[in-house]
Amino acid sequence: MALGDFEQLVLLAALHLGDEAYGVRIVDAIEERTGRKVSRSALYVTFDRLEGKGLLESDLRGGDETRGGKQRRYVTVTQAGLGALRESRAALLGMWRGLEPVLKEEV
């Protein structure tokens, strides 16, 4: 299954964060690791799309007093999501292979 660039970033951030993978933390992780600005609305649309594809699962967990009781949506990458990431990685590495002389850097 082909993944878009942002979908890959969301799945990878969720893997990095493990049990602490929820919206704000994922936005922060992507921004810190890539320097790319992320809109929260785009993130939640992507959550829905990835969940619809079976690549991500989510659940709401109880909020605390500091959040006014508002729940957080935590996400987990599924086995299918891991498989899609592996496929995307292999495809990208295949495309990068052999371009070292053109790009004048080691890949």
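At 32% relative accessibility, what does Lys53 count as? Please go on from there to its partners.

Reply: Happy to! This is a predicted model, in which local features need pLDDT of at least 70 and side-chain atom pairs count only at pLDDT 80 or more, while totals for chains, interfaces and linings use all residues. Residues are numbered from 1 along each chain as its sequence is written, and side-chain values use heavy atoms, leaving out hydrogens and water.

Lys53 counts as partly exposed at 32% relative accessibility; buried means under 20% relative accessible area, exposed over 50%, and partly exposed in between (1.4 Å probe, protein chains only). Its side chain meets that of Glu7 in a salt bridge, 3.0 Å from N to O. That term stands for a side-chain nitrogen of Lys or Arg within 4 Å of a carboxyl oxygen of Asp or Glu. Glu7 is buried, at 6%. The two are 46 residues apart, with Glu7 in helix α1 and Lys53 in the loop between α3 and β1. Helices (H or I, at least four residues) and strands (E, at least two) are DSSP runs, numbered from the N terminus. Arg49 joins Glu7 and Lys53 in a network of salt bridges.

By this rule there are 7 salt bridges. Another one pairs Asp5 with Arg36, the closest N and O atoms being 2.6 Å apart. Asp5 is in helix α1, whereas Arg36 is in the loop between α2 and α3, 31 residues apart. Arg36 is partly exposed, at 33%.

Arg73 and Asp48 form a salt bridge as well, at 2.9 Å between the closest N and O atoms. Arg73 lies in strand β2 and Asp48 in helix α3, so this pair ties together parts 25 residues apart in sequence. Arg73 counts as buried at 16%, while Asp48 is partly exposed at 45%.
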